[in-house]
Amino acid sequence: MSRTDSLLGVRDQWTSRYLGVDEAAAYLNVSRRWMYRESQRHGLPRYYFGGKLRFKVVDLDVWAQQQKVS
């Protein structure tokens with residue numbers, strides 16, 4: 001396996017990961033409160049596992065790109 005393949009594997013592993021509210025808020029640089037109150041209103045895909053709110057990293061990236069203003 002080449003170094004590039006190895007790095008891509010790490011990236012793929014990270015982007016398919018689910019984050020908790022605190023991690024997702026830090027990833028987007030918003031407050032924990034915003035994640036609970038505003039994420040649904042702003043169209044962020046959300047998941048519930050075991051009664052806990054989760055966010056997929058790849059979904060956060062796609063959503064952030066859609067928020068781009070020119």
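## Close-up views of the predicted model

**View 1. Methionine 35, leaving aside its neighbours within four places in sequence, is in contact with Val21, Ala24, Ala25, Leu28, Val30, Leu44, Arg46, Leu53 and Phe55, where contact means heavy atoms within 4.5 Å.** The model is a predicted one, in which local features need pLDDT of at least 70 and side-chain atom pairs count only at pLDDT 80 or more, while totals for chains, interfaces and linings use all residues. Residues are numbered from 1 along each chain as its sequence is written, and side-chain values use heavy atoms, with hydrogens and water left out. Methionine 35 belongs to helix H3; helices (H or I, at least four residues) and strands (E, at least two) are DSSP runs numbered from the N terminus. Methionine 35 counts as buried because its relative accessibility is 0%, the classes being buried under 20% relative accessible area, exposed over 50% and partly exposed in between, with a 1.4 Å probe and protein chains only. Alanine 24 lies 11 residues from methionine 35 along the chain, and the C-alpha atoms of the two are separated by 7.8 Å.

View 2. With neighbours up to four places away in sequence left aside, tryptophan 34 is in contact with Ser39, His42, Leu44 and Trp63. Its relative accessible area is 21%, so tryptophan 34 is classed as partly exposed. Valine 21 and tryptophan 34 are 13 residues apart in sequence, with a C-alpha to C-alpha distance of 9.7 Å.

**View 3. Serine 39 sits in the loop that runs between helix H3 (32-38) and strand S2 (47-49).** The side chain of serine 39 makes a polar contact of 3.1 Å with the side chain of arginine 46; a polar contact is a pair of N or O atoms within 3.5 Å, of which, within protein, one must be able to donate a hydrogen and the other to accept it, and residues adjacent in sequence count only if both atoms are side-chain atoms. Not counting residues up to four places away in sequence, serine 39 touches Trp34, Leu44, Arg46 and Phe55. With a relative accessible area of 0%, serine 39 is buried.

**View 4. Ring pairs join Tyr18, Tyr47 and Phe49 into a cluster.** A pair of aromatic rings is described by the distance of the centres and the angle of the planes. Rings of Phe, Tyr and Trp (its six-membered ring) pair if their centres lie within 6.5 Å, and planes under 30 degrees apart count as stacked, over 60 as edge-to-face and the rest as tilted. The structure holds 4 aromatic pairs. One of them is the edge-to-face pair of tyrosine 18 and phenylalanine 49, at 5.1 Å centre to centre with 90° between the planes. This pair links distant parts of the chain, since tyrosine 18 is in strand S1 (residues 18-19) and phenylalanine 49 in strand S2, 31 residues apart. Tyrosine 18 is partly exposed at 32% relative accessibility, and phenylalanine 49 is partly exposed at 40%. Tyrosine 47 and phenylalanine 49 form a stacked pair, with 6.3 Å between the centres and 5° between the planes. Tyrosine 47, with a relative accessible area of 27%, is likewise classed as partly exposed.

**View 5. Helix H2 (residues 21-28) packs with helix H4 (residues 57-66) at an angle of about 35°, their axes lying 11 Å apart.** Axes are lines fitted to C-alpha atoms, for helices over the stretch in contact, and angles run from 0 to 180 degrees between N-to-C directions. The crossing of H2 and H4 is right-handed; a crossing is left-handed if the near helix is turned anticlockwise from the far one by less than a right angle, and right-handed if clockwise. From H2, Ala24, Tyr27 and Leu28 meet Val57, Leu60, Asp61 and Trp63 in H4. By class, this contact has 6 nonpolar, no polar and 1 charged residues, where Ala, Val, Leu, Ile, Met, Phe, Trp, Tyr, Cys and Pro count as nonpolar, Asp, Glu, Lys and Arg as charged, and the others, Gly among them, as polar.

**View 6. Asparagine 29 is placed in the loop between H2 and H3.** Phi of asparagine 29 is near 60°, a positive value in a residue other than glycine. Asparagine 29 counts as exposed because its relative accessibility is 70%. Aspartate 22, found in helix H2, is partly exposed at 48% relative accessibility. Aspartate 22 and arginine 33 are 11 residues apart in sequence and 9.4 Å apart in space, C-alpha to C-alpha.
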